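Let's take a friendly walk through this model, one part at a time. Please have a look at it before reading on.

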Amino acid sequence: MARLLALIVKEFQVLLKDPRSRFVIIGPPLIQLIVFGYAATYDVTEVPIGVYNESPGEASRDLIAHFTGSPNFQQVATIAQAGEIGPLLEGQVALLVLHVGPRFERSLSQGTPARLQVILDGRNSNTALITLGYAQTILKKFNAQWARQHGLPEPPARLEVRSWFNPNLQSRWFIVPGIVGLLTLVVTMLVTALSVAREREQGTFDQLLVTPYHPWEILIGKAIPGFIIGTLEATLIILATVYWFQVPLQGNVATLYLGVLLFLLSAIGVGLMISSLSLTQQQGLLGAFLFLVPAIILSGFSTPIANMPPLIQKLTLLNPMRYFIVILRSVFLQDAPFALLVNQMWPLAGIGLVTLALAAWLFRQRMY
Amino acid sequence: MRLRGLVRKEFLQVLRDPSALAIALVLPVVLLLLFGYGVSLDSQHVPIALVVDHPTSDTMRLCAEFAYSPYLAPITMHGLPEARQAIMERRVDAIVHLREDFSEKLRRPEGASIQLIVNGVDANSARIVTGYIESAYGKWLEHSSSHVGAAPSIAVVMQSRVWFNSNVLSRNFLVPGVIAVVMTLIGALLTALLMAREWERGTMEGLLVTPVSMNEILLGKIIPYFLLGMGGLAISVSMSVWLFGVPLRGSLMVLVLASTLFLLTALGMGLLISTLARVQFVAGQVAIITTFLPAFILSGFIFDIGSMPRPIQWLTHIIPARYYVSLLKTNFLAGDVWSVILPNALALAVMAAFFLGMTRWLSRKQLD
Amino acid sequence: MEATPLQPIATFQHVTKTFAQGKQIVRALSRFTASIETGRVTGLIGPDGAGKTTSLRILAGLYTPDVGTVRVLDRDVATEALAVQARVGYMPQRFGLYEDLTVRENLDLYADLQGVSRAVRTDRYRELMEMTGLAPFPNRLAGKLSGGMKQKLGLACVLVQPPALLLLDEPTVGVDPVSRRELWQIIDRYVRDRHTTVLVSTGYLDEAERCDWLIVLDGGKLLRQGTPESFCAPLRDKTFKIRVRGMPQRDIQARLDACAQVADAVVQGESVRVVTYEKTENPCHGLFADQDQVALESVPPRFEDAFVMLLGSRQQDRPQASADGKPAAPRLPTRDTGLHAANSCPATGSPQTSQVIQVEGVKRRFGDFYAVKGVTFDVQRGEIFGLLGANGAGKTTTFRMLCGLLPASAGKLFVAGVDVRRTAARARQRIGYMAQKFSLYGALSVVDNLRFFSCAYRLRGAAREERIGWALRQFELEEVAAVASGSLPLGFKQRLSFACALMHEPEILFLDEPTSGVDPLARREFWRRTGDLANQGVTVLVTTHYMEEAENCDRVAIMAAGDILALDTPEAIKQKMKTVEKPTPTMEDAFIELLNTRRVGKT
């Protein structure tokens with residue numbers, strides 16, 4: 001036991017005394033936390049709009065005031081003729097152009113539906129869709145108000161929208177818990193994927209192998225520091241999520257940490273597998289990179305897995321990050337009970353056991 | 001002759017180094033496939049739960065409207081608890097609830113209400129789902145007038161047109177952005193790694209004592225990786241156009257010119273990094289943090305810059321990828337819009353000059 | 001001797017160069033003045049950190065001196081670096097060959113860079129390839145060449161445009177004897193045929209004797225310069241070889257060490273080489289009881305003797321002889337006599353003494369290639385056994401199999417009575433291992449490394465602390481105990497590695513090229529310690545391709561292409577390889593002769 005402890009203490013000393021390794025553990029996570037936390041957002045605010053109003057009446061002005069008065073829109077240009085619409089959108093000055101035709105007022109007074117034309121820049125499809133949604137909501141409000149003022153019959157049924165778990169639909173609440181998983185994965189992978197390779201490169205691996213340590217002791221000595229660092233990293237980011245980014249932690253902390261531990265198990269397994277396979281740190285880094293990029297993209301961290309083609313959806317079942325992201329979001333926002341997350345926990349444990357066993361096997365194979 | 005010797009050497013090295021080939025050729029293809037197929041913000045067949053407390057012909061007609069929508073996949077459930085459980089387990093993304101008295105209230109002046117509950121965890125998806133349900137509801141309103149007998153109550157209808165990306169496909173906006181990431185990988189990451197390797201292996205010392213000038217050494221790196229980057233561009237553009245069907249509306253010449261400017265900037269950054277950090281491990285880390293991650297997150301590739309907090313928006317101005325992503329998206333989807341091309345190209349030219357100039361200024365033909 | 005006035009091709013004038021190392025300022029050269037004469041081979045000699053590499057880099061235009069001027073070919077290097085570089089060839093310590101380019105492509109690149117016209121290339125290449133023996137494989141990747149081949153290719157790349165001044169920084173480190181000899185032949189030939197001037201730095205003192213002129217540096221200062229003969233001349237009649245029948249050579253050495261008039265005593269085969277302070281007839285007068293058994297022979301001085309005398313006065317590792325030549329208190333032999341009896345000198349010992357290492361018909365295959373083709377030998381307790389051979393001879397593979405780092409494909413392997421092929425872990429507690437290159441945790445401090453390895457070997461509590469204290473004292477590491485071991489000078493690193501391998505007092509010590517790249521003084525100190533350990537009953541298995549060091553071994557096995565060519569005492573091997581041209585061969589001569597006879601026998 002004392003010998004194992006010595007191995008673990010040594011691993012920490014190596015990691016923390018070398019300024020480069022220290023940087024790997026502390027630098028990127030902090031930068032990523034801040035950048036992801038603030039920059040990664042799907043929320044759309046202050047959409048620049050251009051207004052092309054051909055109708056002289058009051059109703060059209062009222063309608064446009066509904067748009068410009070909304071915090072989501074900001075009028076940046078007033079258009080006098082149709083030819084100006086093109087440059088405005090192409091040059092990315094405005095994202096949306098409202099066009100009220102000359103017959104707007106007449107149609108309204110005749111009781112036939114008047115037309116409001118909305119032209120959008122679709123280069124960013126997501127922003128376009130969300131902006132369109134905003135426009136529809138504003139128009140609905142205007143119609144309701146118009147109906148009340150003019151004594152028109154109200155619609156027979158109203159749609160009452162409520163959103164559970166994230167009442168204001170802030171995408172930060174969605175992204176930031178995901179960062180816990182992202183950064184925990186990145187740091188744990190870097191720590192473990194480089195550990196054996198570093199010893200190989202520096203020749204210390206042979207020195208270690210001629211000591212009376214068993215291979216499994218060496219492997220545990222490599223895994224436990226990854227566990228400890230991963231847990232600390234996760235804790236740090238969970239705290240930042242709750243206290244800095246103000247994302248509510250609704251669920252049970254114990255469930256959350258069970259998820260963290262199982263996730264670390266599989267992350268360390270993959271990390272040690274890469275480490276056992278690579279002879280140099282360079283290869284370890286490249287291997288980690290090649291695993292991390294698809295693991296992150298196909299995890300549901302930024303885009304829903306349900307939107308992917310069926311084949312790729314099946315592929316994501318092998319991705320440990322996928323399960324952890326669900327656990328994180330469910331515990332943070334949904335207050336999901338443990339029973340509900342069992343289906344996410346056991347695949348994590350399974351992936352962890354398989355990868356660790358594989359890592360141990362590879363480690364023995366590539367020992368020489 | 002000296003320069004030719006250096007360029008030829010560089011090509012031979014890339015051809016024989018599997019990890020360099022992986023970054024130059026395999027990674028672009030993998031990234032494009034991942035983003036082209038794997039990542040999508042377009043939801044289709046979103047599962048929603050329909051809870052009808054008292055089925056009548058009215059509720060049937062409303063439900064039929066949901067079933068008719070290509071974006072929704074309604075599942076009928078018995079009672080709110082079951083639906084609630086389904087939303088917790090993420091089997092459905094939203095619940096539409098019609099109360100016992102729906103039909104009855106439908107014919108009263110105050111009207112009925114339709115309860116819509118969305119899972120707000122993924123705010124972006126939640127908004128999109130709400131939009132789908134609202135449009136289905138809108139259709140129902142239009143059709144319902146004949147059955148319920150009320151006069152059309154809609155004053156203004158919206159006609160929306162999305163320019164540049166009429167089907168609002170996220171693939172059309174993501175794939176051109178991937179090209180920026182690919183070019184960053186080849187230009188900055190690969191160059192930084194391979195230049196640092198020369199320092200690490202001592203080959204630089206051998207080069208420095210030959211009568212080669214520093215300009216020749218730098219050009220000897222820039223030329224091969226420039227050509228490699230252009231090769232990456234060719235692969236990426238062909239895949240985007242032929243495989244993913246992204247329209248290329250602008251001229252090829254503008255695309256090549258913009259890419260030249262960006263590639264020179266990326267090469268400048270890569271060379272500068274490796275001049276400052278002469279170890280591969282450090283150069284790799286720094287290149288990932290200062291070029292790869294910003295190209296991913298701060299360039300407008302996935303996340304709209306306009307939605308970021310002000311300080312981060314300012315920060316994006318020093319990210320070269322930002323200008324390139326903007327050029328790429330315009331070139332692919334909108335065409336040759338000079339009001340977008342000129343300022344962005346100018347910014348890239350300034351940055352290319354800055355980074356290449358800095359590199360030249362800091363590189364001396366000496367070891368200390 | 002050098003009466004003809006020679007034109008200096010390069011001059012240093014009051015050159016000072018400092019480097020910032022963390023917070024410290026290290027002075028690599030301090031007011032160094034010297035000139036390199038045209039048409040000669042000048043050797044730059046000195047211990048680690050003497051400023052050898054710095055001076056060469058300044059000449060190549062890679063550093064600018066802080067103070068002073070350096071002129072090469074009548075140009076100031078600081079201002080006209082490019083013009084100088086066009087006529088200077090420089091081969092750094094680790095020559096930057098592009099490992100993923102072939103031999104031919106590397107030559108092409110340097111020919112392009114040096115502006116060698118296409119017309120002359122064919123002839124030049126043929127000449128260089130023949131000279132270096134690379135002709136058979138122009139299309140092999142440089143990374144796949146052996147260490148010696150790489151160095152030769154490096155030299156060929158530098159010579160592709162014959163330079164006026166050739167700068168070589170320790171060109172023979174890590175190079176086997178055969179390649180070493182060939183490298184020197186190329187250098188000689190260039191000086192003779194093309195009147196190239198050569199400045200070579202080296203840590204091998206027998207190479208120094210090949211130079212026309214020597215510049216000895218120490219601590220960035222010029223210590224002395226002159227011809228090799230001028231260094232050796234004052235030592236005439238002060239150098240001897242002593243042999244005492246019936247007494248192990250290391251005991252003789254210990255006795256001589258204690259003697260006041262002895263300046264230096266080193267084991268050489270079965271004899272001990274002695275350097276005295278004063279001229280004398282008999283340096284061991286009254287030291288050995290039975291004078292009849294003493295065989296004394298006066299030998300000509302070597303440069304190594306002079307070098308040790310020159311620098312040795314600063315070394316504090318021999319407190320038993322005080323500076324003024326008065327006899328110090330005689331040191332009692334610290335060895336256990338009981339152990340001593342078991343300690344067998346193979347020349348005199350009986351064959352039935354305990355075998356600590358047994359190797360029988362061991363083979364190791366990599367794919368279709370047999371790296372070791374069935375070797376058999378055994379090592380006795382307290383013996384220093386050397387595995388000698390060129391790169392790729394299979395010695396490192398054999399070595400790694402013995403340590404349990406590599407499984408054997410066939411054969412019997414017993415270490416300390418344990419079958420390594422089955423239960424390697426059990427043997428490990430009893431062996432100590434020191435790898436070829438520094439392989440401790442560079443980020444950890446000296447004491448942390450000691451702490452970790454003592455823990456790994458199951459030492460704990462007070463015993464552990466005591467042992468760490470012992471290691472720090474014994475290996476003179478107390479001053480640097482808290483320093484990160486990666487930033488230590490090479491000599492310190494080597495001592496620390498040695499200390500770590502000894503933390504658990506192993507019975508058997510495996511040393512893989514322990515002195516590669518270590519300066520001559522540190523190397524002597526190392527062999528002295530190893531000798532002491534062997535006297536205490538520790539069995540030592542050592543690999544080296546530095547043949548002079550083989551003289552420190554009791555027995556050596558010479559390997560080539562996976563086979564053992566000879567297995568005997570160094571003296572016996574030398575005797576066997578006597579030729580008409582070389583009646584008293586050195587170990588290196590014997591080794592090369594052995595390889596040649598084998599090559600002839602094969603064809």
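## Ground rules

A contact here means heavy atoms within 4.5 Å. This is a predicted model, in which local features need pLDDT of at least 70 and side-chain atom pairs count only at pLDDT 80 or more, while totals for chains, interfaces and linings use all residues. Residues are numbered from 1 along each chain as its sequence is written, chains are lettered from A and ligands numbered from 1 in the order in which they are written, and side-chain values use heavy atoms, with hydrogens and water left out.

Helices (H or I, at least four residues) and strands (E, at least two) are DSSP runs, numbered from the N terminus.

## Chain C as a whole

Chain C holds 19 helices and 24 strands. Its C-alpha trace spans about 70 × 65 × 55 Å along the principal axes. Of its 603 residues, 57% count as buried. Among contacts in chain C between residues at least 6 apart in sequence, 70% join residues at least 24 apart.

## Cysteines

With a disulfide taken as a pair of cysteine sulfur atoms within 2.5 Å, the count over all chains is zero. C232(C) is in no disulfide, and the nearest cysteine sulfur, that of C211(C), is 12 Å away. C232(C) is buried at 9% relative accessibility, and C553(C) is buried at 1%.

Key: Buried means under 20% relative accessible area, exposed over 50%, partly exposed in between (1.4 Å probe, protein chains only).
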